[in-house]
Amino acid sequence: MKLLIVTVVDHFQKDVLQLFKKAAIESFSESDIEGYKSASSFIMNSSWFPSEKSGADSTMFFSFTEISKIDIFFDLVVEFNSKIETNNPIHAVVVPIERSI
């Protein structure tokens, strides 16, 4: 079992859900996050009362799943990312699970 972590701008959230379905990844969690491309935009927003929001509305998904499903998902993401015309592709990483309860 591995931990799959996926981040995506909100615009592609539904696409990730479809890719999960195609890869037979049925159990996952998601969380709303703000994505930043540079440290300067984070520092500008770290004041107590920032005047405007500069992060990108994003979603993080994670799933504890089998490597065979992750392999299928990665192939689907590579194909999806090759067809989009943006600099915000779907990002995915796999983390090995050494121990779990």
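Begin by selecting helix α3 and colouring Ile70, Phe73, Leu76, Val77 and Phe80, which are buried, meaning that each has under 20% relative accessible area, whereas exposed means over 50% (1.4 Å probe, protein chains only).

What you have open is a predicted model, in which local features need pLDDT of at least 70 and side-chain atom pairs count only at pLDDT 80 or more, while totals for chains, interfaces and linings use all residues. Residues are numbered from 1 along each chain as its sequence is written, and side-chain values use heavy atoms, with hydrogens and water left out.

Next, show β1 (2-9), α1 (13-22), β3 (56-65) and β4 (91-96), against which the buried residues of α3 pack; helices (H or I, at least four residues) and strands (E, at least two) are DSSP runs, numbered from the N terminus.

Then select Leu4, Val6, Val16, Leu19, Phe20, Phe73 and Ile90, the residues with the most contacts inside the largest nonpolar core, which has 18 residues. Such a core is a set of buried Ala, Val, Leu, Ile, Met, Phe, Trp, Tyr and Cys residues joined through side-chain atoms within 4.5 Å. Its largest share, 5 residues, comes from α3.

Finally, centre on Val16, which, leaving aside neighbours within four places in sequence, is in contact (heavy atoms within 4.5 Å) with Val6, Val8, Phe61, Phe73 and Ile90.
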